[in-house]
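The structure is shown first.

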Amino acid sequence: MQEVGLRNPAASLESVGLKGYKTAHWNFGPEELVEHTIAKGMGHLADSGALVINTGEFTGRSPEDRFIVMDSITKNKVHWGKVNKPFDAKKFDQLWRKACSYMRKKDLYVRDVMANASADPLYHLKIRVITEYPWSNQFAYNMFRRPGKEDLLTFDPNWTVLCAPGFKADPAVDGTRQHNFAIINVKKKRLLIGGTGYTGEIKKGIFSVINFVLPTKTNALPMHCSANVGENGDIALFFGLSGTGKTTLSADPHRPLIGDDEHAWSDTEVFNFEGGCYAKTIDLTEEKEPDIFRAIRHGAILENIAFLEGTREVNYADRSITENTRVSYPIHFIKNAVPTSNAQGNPKNIFFLTCDAFGVLPPISKLTPEQAMYHFVSGYTAKVAGTEVGVKDPKTTFSACFGAPFLPLHPTKYADLLGKKLRKSKANVWLINTGWSGGSYGVGSRIKLGYTRAMITAALRGDLDHVEYATHDVFGLSMPKSCPNVPAEILSPRNTWADKAAYDAKANQLAKEFISNFEKFADEAKPEILAAAPKAK
């Protein structure tokens, strides 16, 4: 066994069961990892200099194959069910040994990284990522915090990730659902990934770990959101499911980006979990997403894309492999990013983004702490007709806390922590509808992006602090009657519908779907959250 690269001299892979491997490449830089990837026939360079790879059979996460080991720590804390499926501890140990045996006589790629960019070491998570493929290791370099050379010489990890895409489980013997798997073991502080090359399993696996660790060991709230900060230090958070405009609206040339996707809110700061971005690239253009487009250069990794015929120019419109084409890159590739990936203080404004294709919700409304907790747990948006096979009409989608697949605890645990922080910080919470006005999809029209930006700017500047508000009859939301640079007539959604009776019917229908969705959380929800539900008539 040979060890190459910069590492803690006391570090040993044998301590986690890895023996008989060929060479362990420790903490290689992107240049070396790109060279290894190309030499192994696993990738190509685009004309931008970015590495292009194919993740193989899986081009997205496999939620049905994500497990958490049930043990004395997790048994009574994890919210077991469809999202958090239990895995037997002995089966995990067996599978880990088999994965280690699979790695014999192979080159390994080892990376020591950090999660949680807090100024307080209490929140730091040290992770050793051991991968079969060099490009998987480069992904870890891009996506997590990168310790300095001196820190690497003394690095002692809290968690170990073992990622072996070529290793396939035997479901009948190993206890998995099929040959691919991602399994979290909290007691042993290990994440085991096999049978899939999709790099997002590494990112979201650690996100799930942090979503368990922070609320159970600290008072920091983990959040699936973007964050930016103004010149006066005012922090803004942007929550939203896919298609709601989270990335677009949080990218502001006048407000440096703290991070794109995963953050925590402690008593003293907001900090990013990561050291990079993992963005969708389907139909990407420089005009639509200039920051992402310009970040695709040497050091970035493009996943599952195609080239224009006869060239190395990326065809971002190509869907031949997947709709879920992606790019990963270090956050410093974004020009307007906060170098430390954190900001001191509490958020001043929080935005819940939803694309309401039914045209019911106001384009902007202000929430009470109780309403914020209710809508946080609900995590609502709508899928537009034509975006999925079989979807002919707008379809409601609810994802608890805007990140249900990554929440090991009951959603109300995160909502209760949010409520405490809102009451203490007095942060403003806004519900922003980036969807339809004047009717449902097919009848009304989508709210102009310029208007949405104007409303968010007004909220950030405090222009809505002293205007008059009206109350929504069904959802009880406070709607401003005026907003700079926005036509007053669109601020109340009912006014934009020609058929008021049709609006009332649609509003009540959506309210009933909210209420029905929330029933599964009612047993754990506090009375004040339940009281913030819409009132269907």
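**Sheet and salt bridges**

Cys277 stands opposite Tyr329 in E21. This is a predicted model, in which local features need pLDDT of at least 70, side-chain atom pairs count only at pLDDT 80 or more, and totals for chains, interfaces and linings use all residues. Residues are numbered from 1 along each chain as its sequence is written, and side-chain values use heavy atoms, with hydrogens and water left out.

**The sheet**

- E17 and strand E21 (residues 326-330) run antiparallel and are joined by 5 bridges; strands are DSSP runs of E of at least two residues, helices runs of H or I of at least four, numbered from the N terminus.
- The open sheet has 5 strands in the order E3-E4-E18-E21-E17, with mixed pairing; two strands pair if DSSP finds at least two bridges between them.
- Strand E3 (43-45) and strand E17 (276-280) are the edge strands, each pairing on one side only.

**Salt bridges**

- The whole structure contains 19 salt bridges, each a side-chain nitrogen of Lys or Arg within 4 Å of a carboxyl oxygen of Asp or Glu.
- Arg128 and Asp112 form one at 2.7 Å, N to O; Arg128 lies in strand E8 (residues 125-131) and Asp112 in strand E7 (residues 107-115), 16 residues apart.
- Both Arg128 and Asp112 are buried (under 20% relative accessible area; exposed is over 50%, partly exposed in between; 1.4 Å probe, protein chains only).
- Arg423 pairs with Glu370 in a salt bridge, the closest N and O atoms being 3.2 Å apart.
- Arg423 is partly exposed, with a relative accessible area of 35%, and Glu370 is partly exposed at 25%.
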